[in-house]
Amino acid sequence: MAETQDVVELILQDHRRMEDLFRQMRSVEADRAAALKEFADLLVAHALAEEAEVYPALKRYRNIDNEEVEHGEHEHDEGNQALLNLLEVEEVGSDEWDSKLEELVEAITHHTDEEERTILNGARENVPMKRREELGEAFLADRERHLKEEPGSIENLRRIVGSSD
């Protein structure tokens, strides 16, 4: 798995994996349905672990903007809705599927870019490495626990999106 325990690096690794999965979902040569399933599980587990283990801890640091952290949580909701919209399209690769995929890519890319520039840079500058490693361990454990439950299923996303309204 990951060589680092630094929560910032672990989150960045997930972001890069999501970008790889976007490329696969856009490729007619790839198994787009399998890429979508992996993406859905990773996105939901990643966001749940951030919200449970990382965001609350980062809010305690004076030089990390709490509004940015709360905005990140709001963007998780938007990403979940965009993912649900894509999962509800019946035919992978149809025009509607491609359109919903681009909406998902836009929502997630916006979030990861903002999170990397604000929250993660703030964590890198203000949180000691020992604490970032502790957060990394907690993030990984929570993320792995969620991944075992297939969190990206359409049923689970409907439940998550319904509870955030």
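This is a predicted model: local features need pLDDT of at least 70, side-chain atom pairs count only at pLDDT 80 or more; totals for chains, interfaces and linings use all residues.
Helices here are DSSP runs of H or I with at least four residues, strands are runs of E with at least two, and both are numbered from the N terminus. Asp-98 is partly exposed at 28% relative accessibility, whereas Arg-32, at 11%, counts as buried; the cut-offs are under 20% relative accessible area for buried, over 50% for exposed, and partly exposed in between, with a 1.4 Å probe and protein chains only.

Residues are numbered from 1 along each chain as its sequence is written, and side-chain values use heavy atoms, with hydrogens and water left out.

Now the overall fold. The protein chain has six helices and zero strands, so that, in the notation of the DSSP runs, the elements from the N terminus on read α-α-α-α-α-α. The radius of gyration is 16 Å, close to the 15 Å that the globule rule gives for 165 residues, so the chain is as compact as a globular protein of that length; the radius is taken over C-alpha atoms, and the rule is 2.2 Å times the number of residues to the power 0.38. Along its principal axes the C-alpha trace spans about 45 × 35 × 25 Å. Of the 165 residues, 44% are buried. Among contacts with a separation of 6 or more, 78% are between residues 24 or more positions apart, a contact being heavy atoms within 4.5 Å. The chain exposes about 8,600 Å², with carbon and sulfur atoms supplying 45% of it, as calculated by the Shrake-Rupley method with a 1.4 Å probe, where for residues only the protein chains shown count as cover.

Let me turn to the interior. In soluble globular proteins, nonpolar side chains tend to be buried together. The largest nonpolar core in this model has 24 residues, and those with the most contacts inside it are Phe-22, Met-25, Phe-39, Leu-83 and Leu-104; such a core is a set of buried Ala, Val, Leu, Ile, Met, Phe, Trp, Tyr and Cys residues joined through side-chain atoms within 4.5 Å. Two or more residues come from each of α1, α2, α3, α4 and α6, and α2 gives the most, with seven residues. Which residues does Leu-83 contact, leaving aside its neighbours within four places in sequence? They are Leu-36, Phe-39, Ala-40, Leu-43, Val-44, Leu-104 and Leu-157. A second, separate core of 19 residues includes Leu-12, Tyr-55, Ala-57 and Val-127.

Leu-83 is also one of the buried residues of α3, a list including Val-69, Gly-72, Glu-75 and His-76, and the buried residues of this helix pack against α2, α4 and α6. Helix α3 (residues 66-87) has 22 residues, which at 1.5 Å a residue should span 32 Å, and its end C-alpha atoms are 32 Å apart, in agreement; the expected span is 1.5 Å times one less than the number of residues.

To return to charged pairs, the structure holds 20 salt bridges. One of them joins the side chains of Arg-143 and Asp-14, at 2.8 Å from N to O. Arg-143 lies in helix α5 (residues 129-147) and Asp-14 in helix α1 (residues 7-26), so the pair ties together parts that are 129 residues apart in sequence. Arg-143 is buried, with a relative accessible area of 6%, and Asp-14 likewise counts as buried at 6%.

Another salt bridge, between Arg-131 and Glu-134, has its closest N and O atoms 3.2 Å apart. Both residues lie in helix α5, three residues apart, about one turn of the helix; Arg-131 is partly exposed at 26%, as is Glu-134 at 35%. Salt bridges that share partners also join Asp-14, Arg-143 and Glu-144 into one network.

Finally, a backbone detail: Glu-150, in the loop between α5 and α6 (154-163), has a phi near 50°, a positive value in a residue other than glycine. Glu-150 is partly exposed, with a relative accessible area of 45%.

Note on methods. A salt bridge is a side-chain nitrogen of Lys or Arg within 4 Å of a carboxyl oxygen of Asp or Glu.
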